[in-house]
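Thank you for making time this morning. I would like to walk you through one protein model, and I will begin with a term that we shall need throughout.

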Amino acid sequence: MNRFPDKAGAPGGRAPHETSRAGSLWGSRAARASFSSIGHPIARPAVAPHMRLRVRAPNVVRRPTIRTMTAIRFPRAANDPFPPELELQLAGLTLRGTSVAARATAFAVPEFGVALDVGRMSPAIAAQPVVLLSHGHLDHLSGVLAYLNVRARFHTGEPTRLVVPESVAGPLTQALALMPGMESVRKRLRLEEVIVGVTPGERVKVPGGTAVPFAVDHGIATLGWALRRPRGRRPVLVYAADGSTAPFVADPGLLDAEVAVVECTFLERNRKVAARLAKHAHLSDWVALAPKLRCDHLVLAHLPPMPAKEISVLLAPLAERLPGRLIAWAN
Ligand SMILES: [Zn+2]
Ligand SMILES: [Zn+2]
């Protein structure tokens, strides 16, 4: 099988220079001359073409070929199912990850040693010993198997915790117990210790401080997370996860943080009903709430897969009304 065809389509993936130097003995003038000078008859051998390529011309040094991979840049087209990982430095924090509506959401915050959701695995996510899960929708959870695999194998001896809504803990533990291939994880990690169920208000110690969950409105048990540094006056980061803006209309102080990461799944005017039905936030909800928000930076995540230029046009009314700085998690 020609796995790595070169320009000449040489079998076996040889580089072009290799084909011309060490190619068919009988197709090479240098080789023909050399062989005829020592008296060999010049005749075409009855061998298959791929065999001919293995015959080396004399006095030709064959250099090893190292093939490197070409990095594929994620295309930026709308409806791209493979969103890129982005990074933001804010308030002394790194926020690195992916967030596109219904595709995947996962943020690494290395200063706190946490990943906020695990809808997609990446080296940055795997490096965090704690995952704070907001809810059980697969765009926030589906990287959990890859995360546990890497943590069990390559972070042996380090603590690993999946902190999840209490109602998710049991079903997730049972599902992972049945999942084929989990033996390699189970012999290194006790899932009953790794998976920790919590309810709103229960403080969780994490490497960089504390994480406090709060309830959000998404139709199923869903937690937002407030991250506090030790002795921090206000949360440095609040992650609002998926859900309507109802809890923040009732208490805008929930988002009083240096950085508030919120969802905004629907942007277009004709998507308001869809937002209500799915218990997601619509841009108009954030526009209405904006003057009451006291966060320094509002990061809109879980955006639809639209080009950033189009998104920024639609977000202009929100930027105008927001006292803090508005950032769209898009590129
Ligand atoms: Zn989601
Ligand atoms: Zn969801």
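A residue counts as buried if 20 or more other C-beta atoms lie within 10 Å of its own, as exposed if 12 or fewer do, and as partly exposed in between, with the C-beta atoms placed from the backbone. By that definition, buried residues make up 36% of the 331 residues in the protein.

Please keep in mind that this is a predicted model, in which local features need pLDDT of at least 70 and side-chain atom pairs count only at pLDDT 80 or more, while totals for chains, interfaces and linings use all residues. Residues are numbered from 1 along each chain as its sequence is written, and chains are lettered from A and ligands numbered from 1 in the order in which they are written.

The pLDDT, which is the predictor's confidence in each residue on a scale from 0 to 100, averages 83 for the protein, and 77% of the residues score at least 70. Over residues 1–55, however, the pLDDT is below 50, and this stretch has 47 contacts in the model beyond near neighbours in sequence, a contact being two residues whose C-beta atoms, placed from the backbone, lie within 7 Å. Where pLDDT is low, the predicted coordinates should not be read in detail.

Turning to the fold, the protein has 13 helices and 14 strands, taken as DSSP runs numbered from the N terminus, with at least four residues (H or I) for a helix and at least two (E) for a strand. An open sheet of seven strands has the order S8-S9-S10-S11-S12-S13-S14, with mixed pairing, where two strands pair if DSSP finds at least two bridges between them. Its edge strands are S8 (204–206) and S14, each of which pairs on one side only.

Which strand of this sheet is largely enclosed by the rest of the structure? It is S13 (residues 297–301), because four of its five residues are buried.
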